[in-house]
Amino acid sequence: MSKQRDDKVMSKTTGLDPAEDLDHRSIVLVGLMGAGKSSVGRRLATELGLPFKDADTEIEKASNLSVAEFFERHGEEAFRKGERQVIARLLTGPRQVLATGGGAYMDEDTRTLIAEKGISVWLRAELDVLYKRCMKRNNRPLLKKGNPRKILKDLMDERYPIYGLADLTADSGEGPHEIVVGKIVSALASLPKHNRTASDQ
Ligand SMILES: Nc1ncnc2c1ncn2[C@@H]1O[C@H](COP(=O)(O)OP(=O)(O)O)[C@@H](O)[C@H]1O
Ligand SMILES: O=C(O)C1=C[C@@H](OP(=O)(O)O)[C@@H](O)[C@H](O)C1
Ligand SMILES: [Mg+2]
């Protein structure tokens with residue numbers, strides 16, 4: 001993998017083995033709240049003809065609670081435990097597009113598992129974009145603990161170095177979801193052997 005960079009899509013040095021056929025790996029979206037993991041992920045799955053799973057939705061189904069209710073009733077630590085278990089279960093299933101919750105990739109065990117089973121894609125966005133998107137709904141418990149813009153900024157400082165460990169990065173800026181889907185598809189296509197049929201090689 002070359003260290004090629006451009007503004008839109010960046011295929012960085014990756015832990016992926018260039019000799020490996022990547023077509024069996026799930027595509028795992030990571031990034032901060034509002035980056036578009038859930039909404040872009042669903043569209044990406046349709047584009048790639050893969051099933052779509054959202055870790056938050058799976059936790060909600062398993063607990064019969066919304067994420068906000070889960071935090072309120074059981075606390076963040078229990079949520080993180082559930083999140084780790086749900087992602088581990090999902091990644092043993094068939095190839096899929098998996099939208100993680102923003103905190104999931106901060107967990108080392110989860111990161112290791114994603115590196116083993118998936119292709120990780122960091123949806124990177126600027127503070128203004130994240131803030132505007134997150135303010136559309138009042139469903140993110142971490143943002144209710146204080147000034148949401150400041151919380152997002154602090155989370156960026158804390159988490160961006162870790163999200164940067166992902167195999168691929170795609171900027172999630174202003175503009176329709178489909179632009180971001182296109183960037184991810186291009187980034188995936190830039191990976192060795194990915195999506196190539198035997199006759200292409
Ligand atoms: N590229 C985009 N263009 C327009 N709106 C977006 C884009 N990405 C996300 N959004 C909107 O921002 C909000 C948060 O997106 P979401 O997919 O829930 O992010 P995440 O799962 O990363 O927290 C949603 O209303 C979503 O439709
Ligand atoms: O960043 C986080 O720690 C969280 C992000 C949320 O998911 P989204 O990133 O999909 O909003 C959800 O898992 C929970 O509110 C905690
Ligand atoms: Mg989400």
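The following paragraphs go through this predicted model from its overall fold to its ligand shells and annotated residues. Local features are reported only at pLDDT of at least 70 and side-chain atom pairs only at pLDDT 80 or more, whereas totals for chains, interfaces and linings use all residues. Residues are numbered from 1 along each chain as its sequence is written, and chains are lettered from A and ligands numbered from 1 in the order in which they are written.

The protein has seven helices and six strands, taken as DSSP runs (H or I, at least four residues, for helices; E, at least two, for strands) and numbered from the N terminus. Along the sequence they follow the order β-β-α-β-α-α-β-α-β-α-α-β-α. Of the contacts with a separation of 6 or more, 74% join residues 24 or more positions apart; a contact requires C-beta atoms, placed from the backbone, within 7 Å. Buried residues are 34% of the 201 residues. A residue is called buried if 20 or more other C-beta atoms lie within 10 Å of its own, exposed if 12 or fewer, and partly exposed in between, again with C-beta atoms placed from the backbone.

Strand β2 (residues 26–30) is mostly covered, with five of its five residues buried. S26, V28 and V30 lie on one side and I27 and L29 on the other, and both faces are covered. Strands count as paired if DSSP finds at least two bridges between them. β2 pairs with β5 (residues 118–124) in the parallel sense over five bridges, and S26 stands opposite G118 there. β2 also pairs with β4 in the parallel sense, over three bridges, with V28 opposite L98.

V28 also belongs to the largest nonpolar core, where V28, A55, V121, L123 and I184 touch the most other members out of 43 residues. Helix α3 (residues 67–91) supplies the largest share of this core, six residues. Such a core is a set of buried Ala, Val, Leu, Ile, Met, Phe, Trp, Tyr and Cys residues joined through C-beta atoms within 7 Å. Beyond four places in sequence, A55 touches E83, V86, I87, L90, L98, A99, T100, G101 and A104.

Ligand 1 is surrounded by 16 residues, of which G36, K37, S38, S39 and R133 are the closest. A residue is near a molecule if its C-beta atom, placed from the backbone, lies within 6 Å of it. Helices α1 (37–48) and α7 (177–189) each supply at least two residues of this shell, and α1 gives the most, with four.

The shell around ligand 2 consists of M33, K37, S38, D56, V67, G101, G102, G103, R140, P141 and L142. By class it has four nonpolar, four polar and three charged residues; Ala, Val, Leu, Ile, Met, Phe, Trp, Tyr, Cys and Pro count as nonpolar, Asp, Glu, Lys and Arg as charged, and the others, Gly among them, as polar.

An unreviewed UniProt entry places the feature "binding site" at D56, R80, G102 and R159; such annotations may be inferred rather than shown by experiment, feature names are shortened, and positions follow the numbering used here. G102 sits in the loop between β4 (97–99) and α4 (108–117) and counts as buried because it has 22 C-beta neighbours inside 10 Å. Apart from neighbours within four places in sequence, G102 contacts G31, L32 and M33. R159 is in helix α6 (residues 148–163). R159 has 18 other C-beta atoms within 10 Å and is therefore partly exposed. Leaving out residues up to four places away in sequence, R159 touches L32 and M106.

Key
Contact = placed C-beta atoms within 7 Å.
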